[in-house]
Amino acid sequence: MQNNKTPNSRAGVIAQASKISLLCVSIALVSACGKTIKPEQHKPTKLVQLEQSVNVVEPVLQTNVSGRSKLADVNRFEVGFDGKQIVAASNSGKVSSYGLNGQALWSTDLKEDIVGGVAFDGASQTAVVTTKSARVVALNTADGSIKWQNKLSGTVLAPALIHNNRVLLSANDGVMHGLSLQTGESIWKFTTQTPSISVRGSAKPTLLDQRTALLGGADGRLHAVDIEAGIPLWNRRVGIPSGASEIQRMTDIDGTPTVDQGQLLAVSYSGQLLAADLASGQVTFLQEAASKNSLAVTDRAVISTTLDGKVKAYNRQTGELLWENDDLAYRQLSNPERVGNYIAIGDLDGVVHFLSPEDGRIVSRTQTKGAINKLTSASGYLLTQTKSGQVSVWRMAR
């Protein structure tokens, strides 16, 4: 490991869009820093035993929801969770619910491969999943019954965003859909440009504010869209294509953008990490960091896991590299996720590593079964679903 210290109103939204227009100019002035995608294979770095381990989390639940499927693996499935109830989807078509005590509550078989993880809205008792034939299915989380279903123009590989009586989904054909939470009826569609070659996957829509959703697309842009009506407000490029071939020029934003304390943060597959101030519309910094994962933030730092398995922390205000950890190189790292005072990162062997956000040291580990694509945290719990279908839940240690 290297340690290098070195508007809620519509008028306000439109005004903000005009300010943020400066982003395009600023980013255009930065020379392309995309990395060449090489087919070279590397052996995962062997883990070194920790001399001392901090007790960060304790196990709550482990169960398996795997089943027969023609799909090669789970595409970053997320577990739905409202603090009391867990809803998990199997790629073979089953959606199951559990209590935190491990008790099975219900199970529903959709009889088709599921490709998008669970979006769970506790207020409306609704869980939403997507299938390989581009079906969107809403389930009643009280009993697992189907509320409604709809067929979209393209397959959705990321969980939906449920907000303000809308279900927002980003399909792999570049279309963002806004459906009625009550009926599943299509309210609006918003189309983005889709390159001929892109990374398999897409970013989950996220909230910019209570009336605006933010979408990261395969076109390397962030798109801000009105949640209720689907009106596009602005878009900004993050991924900058570089290289001779289409593969080398992939610019996908597959990690969900982060909005925190008035700052927008996003990272692209082609190698750009962007931080921008939402109030002024100015780019705070642009750094080289290729990733397909979402970011983690602390008050001081933004943390990224790179394609080659490095973990990097940057100063949120200046972009200065605070530290870099290569102890997990080529271990196919998941997104970094903040858990209390630590940063959790999963790997290809089902190991969850806990790092100090101050210097990047690995201070603890825990284990599940199967490669970890995605970690999520909520209500003091850490959750994951591995490629092999193992669902694990931990709580913060007391």
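Reader: Is R395 buried, partly exposed or exposed?

Author: R395 counts as partly exposed, at 21% relative accessibility. Buried means under 20% relative accessible area, exposed over 50%, and partly exposed in between, with a 1.4 Å probe and protein chains only. This is a predicted model, in which local features need pLDDT of at least 70 and side-chain atom pairs count only at pLDDT 80 or more, while totals for chains, interfaces and linings use all residues. Residues are numbered from 1 along each chain as its sequence is written, and side-chain values use heavy atoms, with hydrogens and water left out.

Reader: Which residue forms a salt bridge with R395?

Author: The partner is E58, and the closest N and O atoms are 3.8 Å apart. A salt bridge here is a side-chain nitrogen of Lys or Arg within 4 Å of a carboxyl oxygen of Asp or Glu. R395 lies in strand β32 (residues 390-396) and E58 in strand β1 (residues 57-64), so the pair ties together parts that are 337 residues apart in sequence. E58 is partly exposed, with a relative accessible area of 25%. Strands are DSSP runs (E, at least two residues), numbered from the N terminus.

Reader: How many salt bridges does the count come to?

Author: By this rule, the count is 10 salt bridges. One of them joins R361 and D359, at 2.9 Å from N to O. D359 is buried at 17% relative accessible area, whereas R361 is partly exposed at 43%. Salt bridges that share partners also join R331, D347 and D349 into one network.

Reader: What about E78, which residue does it bridge to?

Author: E78 forms a salt bridge with K204, with 3.8 Å between the closest N and O atoms. E78 lies in the loop between β1 and β2 (80-81), and K204 in the loop between β13 (186-191) and β14 (206-209), so the pair ties together parts that are 126 residues apart in sequence. E78 is buried, with a relative accessible area of 10%, while K204 is partly exposed at 23%.

Reader: Which residues lie nearest the centre of the second largest pocket?

Author: They are E78, K204, E337, T376 and S377, out of 35 lining residues. A pocket is an open set of points on a 1 Å grid over the protein atoms alone, where a 1.4 Å probe fits, with protein on both sides within 12 Å along at least five of seven lines; lining residues have an atom within 4 Å of a point.

Reader: And which element gives the largest share of that lining?

Author: Strand β30 does, with 5 residues.

Reader: Changing topic: how do β28 and β29 pair?

Author: Strand β28 (residues 351-355) and strand β29 (residues 362-367) pair in the antiparallel sense over 5 bridges. Two strands pair if DSSP finds at least two bridges between them. L355 has I362 in β29 as its bridge partner. The two strands form a hairpin with 6 residues between them, and G360 in the turn has a positive phi of about 85 degrees.

Reader: Last topic, which residues have the most contacts inside the largest nonpolar core?

Author: V128, V136, V167, L169 and L179 have the most contacts inside this core of 14 residues. Such a core is a set of buried Ala, Val, Leu, Ile, Met, Phe, Trp, Tyr and Cys residues joined through side-chain atoms within 4.5 Å.

Conventions: Helices (H or I, at least four residues) and strands (E, at least two) are DSSP runs, numbered from the N terminus.
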